[in-house]
Amino acid sequence: MKAVSFNQAEADGNAGKRRPQGGLCVLYEGHEGHGVMVPRALHGWKEEMAGENGRRWGVAVDGGVGTVVNSAGLLDGGKVSVVDLLTEEECGKVIQNAEDIGFLSTQEQANPVYDYILPVNESGMLFIESQQFADSLWARLRHLFTAPLNLACTNFLAPSAQFICTCAQTPFEPFGIHPRMKILRYKPDEQFKPHQDTTVRKTEVGGKKGIFRNGYTLAIYLNTSGRDYEGGGLRFLHPPRVVPTPGAKPQIFYDDLTHPVHLTPSAGQAAIFPPQHHHTAEVVTSGTKYMIQADIMYRQPTPLP
């Protein structure tokens, strides 16, 4: 497969054009990912932090429609699509608001109570929870998600521990963007090492109850590689080599880093891809990179018992 590099200037003359009508729906029949599992107590810590920051979050976007400017097939049949989503002005407001609230360093992200560390992510991080911001982003994207997605919810366990779903793959309907998001800030020599995104299972999202799964990762870039910073590209990877280790977690080796799909971030553009695909945010060599990571959620039509 020929290497694919997306950026605003290369996208068929779409540079500077924001949110024209139209677009296409990208669907992928996903399978269960292998995201890092963390203690439930940690989620409570993150939720409390995100909720407090969300009350200080002052950004939403009005009107407009996101447009797919490019897409590429991944080696196992999935797709990554690049969407014009925010204006430069909106990106600037997000960055300023995030800086005003403040980022956690890698060391500060380690919660001493739960001994939580992020072994692969080296960025500064800000957790926020804002339903208004999530809804305003979804208003620009929902026209791209018009069909159900088959997702596994095996061993789904509600936070109340009162409901377990044991189905294999079942249709989930597009629902929206989860209001809890991460804003990431990468300084020189920082990166997000090879990984998969975590599988998110919820029984309530945005005040609505049901069985929810994340169908796609939404990575929104707030400034531009080659102008505001160097490096920091998004590269998809071949699946790793997994070596079983008796009495311990298996060892994972990414031996092949030659996957042809690579994204050069551009301010206002978003990458949308299935969370189970292995990928890396390459090291930033100069400047500062900002982005948002969010989850596009799907809901199973079957109501909770």
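In this predicted model, strand S4 (residues 124-129) pairs with strand S9 in the antiparallel sense, over six bridges. Within this pairing, Phe 127 has Lys 182 of S9 as its bridge partner. Strand S9 also pairs with strand S21 (residues 289-300), again in the antiparallel sense, and this pairing runs over five bridges. Here Lys 182 stands opposite Gln 293 of S21. Strand S9 spans residues 180-186 and is mostly covered, with five of its seven residues buried.

A contact between a charge and a ring involves Tyr 186 and Lys 289. The charged end of Lys 289 sits over the ring of Tyr 186, at 4.9 Å from the ring centre.

Phe 175 belongs to strand S8 (residues 169-177) and Phe 212 to strand S12 (residues 208-221), so the pair ties together parts that lie 37 residues apart in sequence. Phe 175 counts as partly exposed because its relative accessibility is 22%, and the cut-off for buried is under 20%. Phe 212, with a relative accessible area of 0%, is buried. Elsewhere, one aromatic cluster is formed by Trp 138, Phe 145, Tyr 216 and Tyr 298.

Conventions
Residues numbered from 1 in each chain as written. Predicted model: local features only at pLDDT ≥ 70, side-chain atom pairs only at ≥ 80, totals over all residues. Heavy atoms only, no water. Helix = DSSP H or I, 4+ residues; strand = E, 2+ residues; numbered from the N terminus. Buried < 20%, exposed > 50% of the residue type's maximum accessible area, 1.4 Å probe, protein only. Phe/Tyr/Trp six-rings, centres within 6.5 Å; stacked < 30°, edge-to-face > 60°. Lys NZ or Arg CZ within 6 Å of the ring centre and 35° of its normal. Pairing = 2+ DSSP bridges.
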